[in-house]
Amino acid sequence: MNTDATALLSDLVSIPSVNPRGGAEPAETPVARRIADWCAEQGITAELDQVVDGRCNVVAIVPGRDPRAAVLFESHLDTVEVEHMNTPPFTPTVRDGRLYGRGACDAKGPLAAFLIALRDIARAPEPPAQTVIVAGVADEEHEYKGVLRLLENLAGEATRTVTGAVVGEPTDLRVVVAHKGVMRCRIVVAGPGGHSSRPWGLENPIETIARVVTFLAEEVTPSLTAAAHPLVGPASLVPSLISGGTGPNTVPNECAVSLDRRTLPGEDPEQVWRELRDRITGRFGPSVTVEPPFLTDLALDNDPADPFVAGVRDVLGRAGRDSSAIGTGWGSDASKIAAAGIPSVVLGPGSIGDAHTPNESIDLAELAEAVEIARALMRLPAPAGLS
Ligand SMILES: [Zn+2]
């Protein structure tokens, strides 16, 4: 057990940072401020950066020998909601070698491991080859505003290149090099509405949406499941939310269904939407409206031969861990960082099976191991040929 990592994680879990899902609350800022203060106590430069509505990222930096190269360790400050938890969400408790509380593994555990490793790197007599940036960002669980703000700032730095990024999420310390993206949209059908005793000649939007959902299940979904990506498996399409009607004795004048379409590496979510819209309107005509996506997220797809990915896998192998590259169905900030041209992997202590659950927790031995691995990753050499 790494008592420093456990103590810091306890501290971070005890500061609530539930994502306000668009509400104007400072949400992540108290925990961002605590991290900045902790960094100052360790002699590390750290700054808050406002993302939106008083919600902040925190960015800590330890300079390396090569001022042109930096490696980024990013994890998120926000958590999901705490209703229906079986353990006190903000009073961390340690039982049988595990720490329980909201954010324990998703993603304050990975972030605490990065911060303790950064402190160790800062204390070491020899500076790291590359500058090390540890960023705790806001809003990963909702609209990714924190990572987008971070990328905006990094793109503005003319003299320093970020050569690779490790995104902290609970991956059981496996290297995730690919994950799915998502496209969510609504399909809406409107009708004239009327008295339910006189339904003749009235289009009933509930019936139309039922036909649309059947069409998707029978004719669209099977073609998706036929082709699987080697690391993340097949794409999926799920009708996830349905609403319609105003009362039990009225022909409804509207019905809508939300779709959740998980995309594969290489798929463009906007193109996925256009194709879906064309198939649905081609079949049902213009009375069925396929609204533009209300949420899209990119898939993550690294070149397996990328030297940064190879460097990360090598560190894991030397630590005696499984260093094979894997893919996941869930998404992360890594896809946005990779889309900005920075090779990005997802890696952290804890299990995704414990994230977002009523008993969220993390294995403290794995947390300690994550500190060792992060420290080795922070010492990766700058890539050759950097100009
Ligand atoms: Zn997460």
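Reader: Which residues does UniProt list for "domain: Peptidase M20 dimerisation"?

Author: The unreviewed UniProt entry lists residues 177–281 under that name. Please keep in mind that the model here is predicted. In it, the span 177–281 is 32% helix and 38% strand, and its end C-alpha atoms lie 36 Å apart.

Reader: What makes A256 count as buried?

Author: Buried means under 20% relative accessible area. A256 has 3% relative accessibility, so A256 counts as buried. This residue is found in strand 15, residues 254–263. Leaving aside neighbours within four places in sequence, A256 is in contact with R186, I187, V188, I209, L241, I242 and S243.

Reader: What makes the pair formed by the side chain of N57 and the backbone nitrogen of A138 a polar contact?

Author: A polar atom of the N57 side chain lies 2.9 Å from that backbone nitrogen. A polar contact needs N or O atoms within 3.5 Å, so this pair qualifies. The N57 side chain also reaches the backbone oxygen of G146, at 2.9 Å.

Reader: Why are strand 5 and strand 21 called paired?

Author: Two strands pair if there are at least two bridges between them. Three bridges join strand 5, residues 98–100, to strand 21, so the two are paired. They run antiparallel, and L99 stands opposite I362 in strand 21.

Reader: What makes strand 4 and strand 21 edge strands?

Author: The open sheet has three strands in the order 4-5-21, with antiparallel pairing. Strand 4 (93–95) and strand 21 (361–363) each pair on one side only, which is what makes them the edge strands. From one strand to the next, the twist averages 25 degrees. Helix 9, residues 364–378, packs on this sheet and touches strand 4, strand 5 and strand 21. The direction of helix 9 makes about 65 degrees with that of strand 21.

Reader: How do you know that the reach of helix 9 is close to the expected one?

Author: Helix 9 has 15 residues, and at 1.5 Å a residue the expected span is 21 Å. From first C-alpha to last, helix 9 reaches 21 Å, close to that expectation. Its buried residues include L364, L367, V371 and M378. At the start of helix 9, a side-chain oxygen of D363 comes to within 2.8 Å of the backbone nitrogen of A365; the limit for a polar contact is 3.5 Å, so this pair meets the distance condition.

Reader: Is H84 buried or exposed, and what makes it so?

Author: Exposed means over 50% relative accessible area. H84 has 72%, so H84 is exposed. It lies in the loop between strand 3 (66–76) and strand 4. Phi of H84 is near 65 degrees, a positive value in a residue other than glycine.

Reader: And what about D139: buried or exposed?

Author: D139 has a relative accessible area of 1%, under the 20% cut-off, so D139 is buried. D139 lies in the loop between strand 6 (130–137) and helix 4 (145–155). Its phi is positive too, at about 65 degrees, although D139 is not a glycine.

Key. Residues are numbered from 1 along each chain as its sequence is written. This is a predicted model: local features need pLDDT of at least 70, side-chain atom pairs count only at pLDDT 80 or more; totals for chains, interfaces and linings use all residues. Side-chain values use heavy atoms; hydrogens and water are left out. Helices (H or I, at least four residues) and strands (E, at least two) are DSSP runs, numbered from the N terminus. Axes are lines fitted to C-alpha atoms, for helices over the stretch in contact, and angles run from 0 to 180 degrees between N-to-C directions. Contact means heavy atoms within 4.5 Å. The expected span of a helix is 1.5 Å times one less than its number of residues. Buried means under 20% relative accessible area, exposed over 50%, partly exposed in between (1.4 Å probe, protein chains only). A polar contact is a pair of N or O atoms within 3.5 Å; within protein, one must be able to donate a hydrogen and the other to accept it, and residues adjacent in sequence count only if both atoms are side-chain atoms. UniProt positions are given in the numbering used here, feature names are shortened, and annotations may be inferred rather than shown by experiment.
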